[in-house]
Amino acid sequence: QVQLVESGGGLVQAGGSLRLSCAASGSMFSINTMAWYRQAPGKQRELVARITRGLSTNYADSVKGRFTISRDNAKNTVYLQMNSLKPEDTAVYYCNADVYYGGRLSNYWGQGTRVTVSS
């Protein structure tokens, strides 16, 4: 079993910054793609950013140029640096990971961390 634990959420004013972290632990051989999703009240969960083990990245159009995803493979941790935050970035942010173990690939979610951006 794999656990993903997010941290770093909170309340910030528009224009401010936050850095989210997600650490993976448990039984795993390697972590492939890691990603951040978010879900705002009344909306569907959406992809924010994704990073492969080889450090290729892609971003939602709404966050390009403001958010940066990175990872430390040695620490099994993914980060999301969020700058120039806007009220519409308010959401619960979830970490997601594809983990290879025991000959199969499984997908895991964290419990979420809340980000609130005030205007």
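Strands here are DSSP runs of at least two residues, labelled E, while helices are H or I runs of at least four, and numbering goes from the N terminus. Two strands pair if DSSP finds at least two bridges between them.

Quick housekeeping. This is a predicted model, where local features need pLDDT of at least 70 and side-chain atom pairs count only at pLDDT 80 or more, while totals for chains, interfaces and linings use all residues. Residues are numbered from 1 along each chain as its sequence is written, and side-chain values use heavy atoms, with hydrogens and water left out.

Okay, back to E9, which covers residues 91-101. What does E9 pair with? E10, residues 104-109, runs antiparallel to E9 and is joined to it by 6 bridges; one example is Asn96, whose bridge partner in E10 is Trp109. Then there's E4, also antiparallel to E9, with 8 bridges, including Tyr37 with Tyr94 of E9. And E11 runs antiparallel to E9 with 3 bridges, among them Ala91 with Val115 of E11.

So is E9 mostly buried or exposed? Well, 8 of its 11 residues are buried, so E9 is largely enclosed by the rest of the structure. By buried I mean under 20% relative accessible area; exposed is over 50%, and partly exposed is in between, using a 1.4 Å probe and protein chains only.

That takes us inside. The largest nonpolar core has 31 residues, and Trp36, Leu80, Met82 and Tyr93 have the most contacts within it. The elements giving two or more residues to this core are E1 (2-7), E3 (18-26), E4 (30-39), E5, E7, E8, E9 and E11 (113-118). E9 gives the largest share, 5 residues. A nonpolar core, by the way, is a set of buried Ala, Val, Leu, Ile, Met, Phe, Trp, Tyr and Cys residues joined through side-chain atoms within 4.5 Å. In soluble globular proteins, nonpolar side chains tend to be buried together.

Tyr100 is partly exposed at 34%.

Now, charges. A salt bridge is a side-chain nitrogen of Lys or Arg within 4 Å of a carboxyl oxygen of Asp or Glu, and the structure holds 4 of them. Which residues form a network? Arg38, Glu46, Arg66 and Asp89 are linked that way. Glu46 meets Arg38 at 2.7 Å between the closest N and O atoms. Asp89 also bridges to Arg38, at 2.9 Å, and that pair links distant parts of the chain, 51 residues apart: Asp89 in the loop between E8 and E9, Arg38 in E4. Asp89 meets Arg66 too, at 2.8 Å, with Arg66 in the loop between E6 and E7, 23 residues apart. Asp89 and Arg66 are both buried, Asp89 at 0% relative accessibility. Arg38 is buried at 6%, whereas Glu46 is partly exposed at 35%.
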